[in-house]
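Hi,

Here is the structure I promised to pass on.

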Amino acid sequence: MASGSSRTLMDFFKPAAAAKRIKLSSSSPDSAVCKSVTAHCHSESESHIDHSSEDDTTLINGHQKARMEFNRLLAKAKLNLKICSQKVYKAKGEGDGDGDYLKLAELLVEETWLEALPGELQKPYFLNLCRFLETEMCSGIRVPIYPPRHLIFNALNSTPFDTVKAVVLGQDPYHGPGQAMGLSFSVPEGMKLPSSLLNIFKELHQDLGCSVPSHGNLQKWAVQGVLLLNAVLTVRKHQANSHSKKGWEQFTDAVIKTISQKKQGVIFLLWGNSAQEKSRLIDETKHHILKAAHPSGLSANRGFFGCSIELRCILQTIPVSFCAGITIGESTPLCTLKL
């Protein structure tokens, strides 16, 4: 820790050393002064060392605690994923084919969301949604539905309600094989970066100097409190918006309204007209709403590029690491890990 002067630890000891070279009798009137100066130098030196050590310990402990918290949340997200996978596997073993899709509600396992959305999964519209998805999955047509069942609620299972700091709202899942993983704009490692996600990375690079990652798995963003929520949580293979207006919008609207009503100071990133329509659900006196063009290749040049400048201006209390070593927010970051 830097002190008010530019002295080093060696400087603190020099006066004491000089004092030892002064030979004064115990009766000398200057001996008391010398002893006093020597004692003061030792005391100031010890005080400086103690404070420096204390500050270093505080800093280390702060980063250690942040990393421990990140690891705890990451472990919890992985546990939720494991629970969902086991439920799906059990349903397949007990039923015919892909199992009973009426158990969709059981795949939301994060307790904080179940507490925040009491009774939502038992409402008539949601039960109708369950029946629709059961028909989709078990019909003779057998068109693949994305994402895999255990990942349908991945956004909520990865980002507990009490940790939500920002919401990035997408439209519906990617509809190509292997792309959708239940997090808006995110794709598993090994998948080619979609143009929208690549443009998000480019904007972060332009504004913050982040290097463009080699993969598009945003799980670590989710764990740090960025809710990557699609308005519609399922889709047919190669059929964009095929599950729109089936009940998902009502459910995700309830999620957005619950965040708006029960939390404060959340950042809502609404990219594109579809996402911006959700602003009616958000109390702008309590939260921040950022609107921009969608980051897709077709519209990124019409208002998406450059939007992070405004985002950075208002992200004052959201410690989220978007890239290695660069953290947006004033408080101690939960993590400064690469994706």
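Let me start with a surface residue: histidine 238 is exposed, because its relative accessible area is 52% (exposed means over 50%, buried under 20%, partly exposed in between, with a 1.4 Å probe and protein chains only). Its phi is near 60 degrees, a positive value in a residue other than glycine. Histidine 238 sits in the loop between strand S4 (235–236) and H8; helices (H or I, at least four residues) and strands (E, at least two) are DSSP runs, numbered from the N terminus. Lysine 245 is in the loop between S4 and H8, also has a phi near 60 degrees, and is exposed with a relative accessible area of 76%.

Before you go further, the ground rules. This is a predicted model, in which local features need pLDDT of at least 70 and side-chain atom pairs count only at pLDDT 80 or more, while totals for chains, interfaces and linings use all residues. Residues are numbered from 1 along each chain as its sequence is written, and side-chain values use heavy atoms, with hydrogens and water left out.

The overall picture: the protein has ten helices and eight strands, and buried residues make up 47% of its 339 residues. Taking contact as heavy atoms within 4.5 Å, residues 24 or more positions apart account for 67% of the contacts with a separation of 6 or more.

Now the annotated spot. UniProt, in an unreviewed entry, places the feature "active site" at Asp172; UniProt positions are given in the numbering used here, feature names are shortened, and annotations may be inferred rather than shown by experiment. Aspartate 172 lies in the loop between strand S2 (166–170) and helix H6 (195–208), and it counts as buried because its relative accessibility is 15%. Not counting residues up to four places away in sequence, aspartate 172 touches Asn230, Val232, Val235, Ala240 and Asn241.

On to the rings. Rings of Phe, Tyr and Trp (its six-membered ring) pair if their centres lie within 6.5 Å; planes under 30 degrees apart count as stacked, over 60 as edge-to-face and the rest as tilted. By this rule there are eleven aromatic pairs. Phenylalanine 153 and phenylalanine 251 have ring centres 5.8 Å apart and planes at 70 degrees, so they are edge-to-face. That pair links distant parts of the chain, 98 residues apart: phenylalanine 153 is in the loop between strand S1 (145–146) and helix H5 (154–158), and phenylalanine 251 is in helix H8 (residues 248–262). Both are buried. Tryptophan 271 and phenylalanine 304 are edge-to-face too, because their planes are at 85 degrees, with the centres 5.2 Å apart. Tryptophan 271 is buried at 9% relative accessible area, and phenylalanine 304 is buried at 1%. Ring pairs also link Tyr125, Phe126, Phe153, Trp248 and Phe251 into a cluster.

What about the nonpolar core (a set of buried Ala, Val, Leu, Ile, Met, Phe, Trp, Tyr and Cys residues joined through side-chain atoms within 4.5 Å)? The largest has 69 residues, and those touching the most other members are Trp113, Phe126, Phe153, Leu227, Trp248, Phe251 and Ile259. Helix H4 (residues 124–138) gives this core its largest share, six residues. Apart from it lies another core, of five residues, including Phe70, Leu73, Ala77 and Val223.

The peptide bond from tyrosine 146 to proline 147 is cis, with omega near -5 degrees, and proline 147 is in the loop between S1 and H5. Glutamine 219, in helix H7 (residues 219–223), counts as buried at 17% relative accessibility; leaving aside neighbours within four places in sequence, glutamine 219 is in contact with Ala77, Asn154, Ser158, Met181 and Leu183.

Cheers
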